[in-house]
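Hi,

Here is the structure I promised to pass on.

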Amino acid sequence: MARTGLSIAAGLTLVAVLTGCGGDESGFANRLAPAVAADGTKTLRYGNQTEPGTLDPHQASGVPAANVLRDLYEGLVITGADDKIIPGVAESWTISDDRLTYTFKLRSDARWSNGKPVTAQDFVYSLRRAVAPTTASSYADIHAPIKNATAIINNDKPPETLGVAAPDAHTLVIRLKEPTPFFLQTLTHPSSDPVYRPAVEQWGDSFTQPGHAVTNGAYTMDAWRVNERIRVKRNPYYWDNANTAIDRVEFYPIEDGNSELSRYQAGGLDWAATVPPAATARIKRHIPDQYHAVPTIGIAYLGLNMRHAPFADNRKLRLALSMALDRDVITDKILRGGQPTLYSAVPDTVRGYTPVEYDWQDWPDDKRKARARRLYHEAGYSAEHPLQAEYLYPSGGVGKTLGLVAVAMWREVLGADITPINQEWKVFLQTAREGYDTQIFWGGWIGDYDDPNTFFSIFNSKAALNYTGYDSPAYDTAQERSSHTPTGAKRTALMHKAEATLLHDAPIIPVWVYTYHQLVKPYVTSYQPSALGNYYSKNFDIRPGQDADGGAGGH
Amino acid sequence: MLAYTLKRLAGVVPTLFILLTATFLLVHLAPGSPLDGDRPMPAEIRANLEAKYHLDEPLIQQYGRYLANTAQLDFGASYQYKDTSVNDLIATGFPVSLAVGGFSLLFALVLGIPLGILAAVRQNMPADYGAMGASLAGISVPNFVLGPLMILAFAVYNDWLPAGGLGGWQHYVMPVIALGTMYLAYVTRLMRAATIEVLRAPFIRTARAKGLSETRVFVVHVLPAALLPVISFLGPGAAAILTGSVVVEQIFGIPGLGRFFVTAALNRDYTLVLGITLFYGIIIIAFNLVVDVLYGWLDPRVTYR
Amino acid sequence: MSRAVTKQAGGWRKQQALDRAAAGNSLGRDAWRRLSANRAAMTSLGVLVSITLAVIIGPWLTSYDYFSQDYDAIWQAPSLATGHWFGTDQVGRDLFARTLTGGRISLMVGIVTTLVSLVIGVTYGAVAGFIGGKTDSLMMRAVDILYSLPFMFFVILLVVFFGRNLFLLFAAIGAVSWLDMARIVRGQTLAIKSQPYIEAARMAGAGTARIIARHVVPNLAGIVVVYVTLTIPQVILFESFLSYLGLGVQPPATSWGALINDGTGEMSVAPWLVLIPSIFLAVTLFCFNFIGDGLRDALDPKDR
């Protein structure tokens with residue numbers, strides 16, 4: 001067996017490599033080589049997970065596309081420190097007393113990347129385009145608060161009837177259907193961005209390509225090679241160009257977290273957008289200053305299909321499953337990424353709202369488990385007659401890890417017999433959407449805008465995302481009313497009622513708050529965590545020599 | 001041989017037609033739609049999207065539309081990469097895969113053929129064991145392990161090579177090794193087995209009996225015949241390696257065709273899947289044709305009747 | 001074909017027939033005698049039998065099962081003291097139990113699907129190559145088409161129509177892995193079929209099926225054996241991709257391919273997670289190769 005010796009030798013080499021016999025013991029000695037050219041041109045290299053399907057702000061979806069679009073386009077309002085709404089193209093705005101009319105005053109120095117002024121007409125054109133059925137934007141419904149938007153989406157009215165008007169080049173008036181307390185928040189979404197009409201009309205679908213694209217943000221398209229990188233360059237006509245330090249931003253689509261980490265460690269990236277859970281401990285040990293875990297407005301939950309047995313009409317069973325989960329173990333021992341546990345429908349990361357939470361979140365383990373068992377028995381299940389169900393999750397995601405742990409906990413605490421079933425991503429989406437075959441399923445939701453309504457609305461009986469089939473008139477009423485009530489005690493009360501109803505009925509098992517992880521090199525200055533994940537490259541700078549020793553020292 | 005080649009070329013169009021039809025059916029029958037995404041949309045918006053992409057039409061009508069476009073060599077717009085046409089995506093992805101795959105193939109052949117021959121002529125001797133052990137080590141470490149391992153060793157713990165992406169020749173070293181080692185194992189093993197067999201074949205004995213020099217026997221008679229299995233393997237093998245390996249492209253962040261294809265399939269990007277499948281089919285057919293012609297040329301025993 | 005050659009070939013065939021008559025039922029015994037003289041092959045056989053026994057019996061030797069999680073024993077290194085002889089994974093499951101139970105699936109997948117691909121591929125390739133002409137052309141174009149079809153959709157549809165089970169997994173892997181084999185066998189058959197001994201057999205009145213079975217296939221053994229042994233590890237790893245698509249093994253059950261795949265991501269914290277299943281896979285692969293080579297030598301008609 002001389003040749004097996006070889007594979008053992010190969011194995012030993014592997015061990016040697018892993019334990020670091022190379023030049024760099026930890027692999028974390030900072031390769032502090034920012035991309036600053038001889039002429040002082042600064043490039044920020046950004047790990048961006050997946051390739052954006054499109055950079056048309058009205059058709060794009062997903063975090064990676066939003067990351068690029070934030071640099072390319074500027075809406076009426078944007079977000080600043082602490083994710084507060086601050087002026088974008090609109091330098092100021094007024095809201096009528098009936099809260100139905102928003103009048104925006106556009107800054108006179110806002111320019112497209114070809115030097116042409118950004119006008120109110122551009123916004124009128126763009127918002128109409130965003131809701132037009134011919135555009136078929138999957139985010140069109142985010143504009144539902146605007147007058148006639150829903151009718152336009154439904155093909156009942158022409159796009160020209162949308163409640164937007166431009167009395168003059170620098171005044172934009174938007175009329176709403178009903179008072180909407182979170183309307184300004186929806187305007188920070190990319191689908192509210194302006195697009196340059198002549199470019200859209202000349203180039204059609206390819207108006208986003210370098211050479212075609214005309215943008216109004218701090219940057220404009222420079223190069224785009226699908227699956228390799230998107231490069232944007234400084235827009236010299238941007239109104240705040242003088243204060244923009246970074247000249248170029250490169251967005252690298254790297255799906256695999258370990259590959260991204262390697263690229264970051266090897267000095268090919270200044271910013272990594274994910275951190276593999278397995279690497280967290282080592283990162284925290286070696287480069288704690290570069291590691292940021294920022295809980296965002298997103299929830300990870302398990303959905304229970306309320307349309308069929310065993311979960312239809314069995315609130316106690318649903319609650320028993322929820323109470324049987326030890327969320328601390330899941331977040332501390334399995335995820336290890338600083339994710340907060342979740343005992344409510346809305347995460348507390350949403351600004352200006354304190355969620356209602358399950359009161360048993362602070363109970364001692366034994367008490368919680370005992371109650372879960374009692375509910376399980378009252379629901380009609382026992383050791384002789386255990387619950388048998390399937391947990392459905394999409395391949396290749398965190399749903400698998402969660403499922404394995406949850407299934408084990410349900411078996412241990414309740415004696416329930418749950419079978420994990422994985423499906424390929426698109427098959428899973430279809431199965432979950434149709435809701436015929438699901439029992440327990442993986443659910444995750446990142447809010448569209450910074451308001452509790454982005455969470456409450458998905459459990460409305462009429463909502464497209466309501467895969468649980470939850471149908472509660474009391475909940476629907478409270479949710480719908482809260483979405484039109486001005487911010488204040490009355491709205492908070494309505495939202496608390498909605499949330500309490502939802503938690504009581506337990507169509508979902510909330511588990512943790514989604515958390516963004518970033519690795520940022522110390523020479524990238526002015527980093528501020530954003531719960532919304534809204535990072536604008538124009539706010540950063542690259543200072544070579546900053547923390548050159550790779551040691552401590554803040555930003 | 002010319003008549004044979006022409007006959008084969010005439011068969012290309014029907015073959016591609018069957019391939020296209022079967023693929024069209026497969027992708028449209030598979031559950032999940034290109035429109036499904038993280039964020040579900042209201043039924044009205046879904047209807048608008050379906051209308052935009054003609055997905056609301058009967059399948060046969062969509063098929064007709066697709067065939068008409070394909071006949072003009074227009075594979076349409078990608079569902080996933082909406083801003084780019086399928087033709088453009090193939091045109092940017094293929095050269096990258098071709099470069100990585102081509103070098104990997106070269107790596108496998110340049111190392112594998114001599115190693116295989118060496119092992120064969122020194123059968124059951126230390127050289128044989130060494131060559132076979134080395135080639136088997138290559139296949140027993142899967143490339144999704146070898147790739148990250150090399151990155152750790154050469155890019156992270158040591159600053160010798162870039163960890164990924166495109167650029168100068170340094171960017172190709174690790175992907176080519178990761179992709180090439182598997183093919184190296186195939187080439188070496190097949191080469192060894194075939195050489196051993198050919199060395200014993202009657203026509204080689206005849207050649208020797210004719211008093212030809214050992215070198216001449218080897219180069220003129222043994223080598224061409226022994227290459228036959230390697231070439232059979234390389235027909236589809238080369239087509240596969242040149243059109244990209246999703247694993248290696250993912251690990252090293254290379255924008256090749258293999259990655260396009262798998263993401264397209266996962267996203268149910270009908271047009272991109274069909275476009276790449278057809279492209280791949282053309283390459284397969286072309287390579288297999290070349291291989292069949294090579295057979296007759298390399299091995300006098302092969303005739304097409 | 002010249003008379004002299006025919007005669008010569010006839011002589012060869014006669015010799016073979018004599019051999020067979022003399023050997024009779026001892027053909028198998030003869031091959032076994034040759035095989036057992038091959039030390040590398042016999043050692044490999046021993047190791048392979050041990051691995052097979054280990055995956056069957058092994059899981060009973062440890063007090064841990066393959067699915068129980070222990071959140072206080074996450075990423076523990078291999079140790080005799082804890083009883084986690086191969087260490088634990090990211091949810092504290094015992095890698096010893098997981099590697100061995102996973103081995104059941106992997107060995108089964110590797111052997112069964114390779115046999116499927118062997119039977120289909122050799123038959124198909126030999127028939128196409130031997131008959132030649134239009135038949136060959138049609139059969140090979142069918143292979144081209146199957147080769148180019150996006151296999152993923154085929155798998156996804158299999159799951160939709162038939163649900164998930166091991167049999168389907170074999171069918172799906174077998175369905176693709178025979179294509180290479182068919183092409184290689186066909187190529188070799190083209191080279192063999194004009195050989196004198198085939199002509200001789202034909203003249204002696206043997207039917208096509210008989211010639212293929214008795215004269216073509218045995219002479220392909222060398223290449224076929226080599227290709228089969230190379231197919232096994234590919235198939236074992238391919239299984240993990242199919243499980244990802246929802247076909248085959250579902251967690252918490254596992255396989256070597258899945259273990260290696262999962263382990264890669266945790267290579268820098270818990271190298272044993274990728275190292276141990278990889279060693280099992282590599283040793284198995286080496287064993288199959290030696291046995292393959294030994295078998296080839298033992299069965300080679302030209303050596304006899």
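This is a predicted model: local features need pLDDT of at least 70, side-chain atom pairs count only at pLDDT 80 or more; totals for chains, interfaces and linings use all residues.

Another span of chain C, residues 40–61, comes out at 82% helix and 0% strand, with 29 Å between its end C-alpha atoms. Both spans are on UniProt's list for "transmembrane region" (an unreviewed entry), which for chain C also gives 105–131, 143–161, 220–249 and 269–292.

Over to chain A. Its secondary structure amounts to 16 helices and 19 strands. The C-alpha trace spans about 75 × 70 × 40 Å along its principal axes. For 555 residues, a compact globule would have a radius of gyration near 24 Å, and the 25 Å of chain A agrees with that. Buried residues account for 52% of the 555 in this chain. Of the chain A contacts with a separation of 6 or more, 67% are between residues 24 or more positions apart.

One residue I looked at in more detail is Tyr301(A), which sits in strand S13 (residues 291–304) of chain A. Is Tyr301(A) buried or exposed? Tyr301(A) counts as buried because 21 other C-beta atoms lie within 10 Å, and the cut-off is 20 or more. Setting aside neighbours within four places in sequence, Tyr301(A) is in contact with Gly443(A), Ile508(A), Ile509(A), Pro510(A) and Val511(A). Asn258(A) is 43 residues from Tyr301(A) along the chain, and their C-alpha atoms are separated by 25 Å.

Cheers

Conventions: Residues are numbered from 1 along each chain as its sequence is written. Chains are lettered from A and ligands numbered from 1 in the order in which they are written. Helices (H or I, at least four residues) and strands (E, at least two) are DSSP runs, numbered from the N terminus. A residue is buried if 20 or more other C-beta atoms lie within 10 Å of its own, exposed if 12 or fewer, and partly exposed in between; C-beta atoms are placed from the backbone. Two residues are in contact if their C-beta atoms, placed from the backbone, lie within 7 Å. UniProt positions are given in the numbering used here, feature names are shortened, and annotations may be inferred rather than shown by experiment. The radius of gyration is taken over C-alpha atoms; the globule rule is 2.2 Å times the number of residues to the power 0.38.
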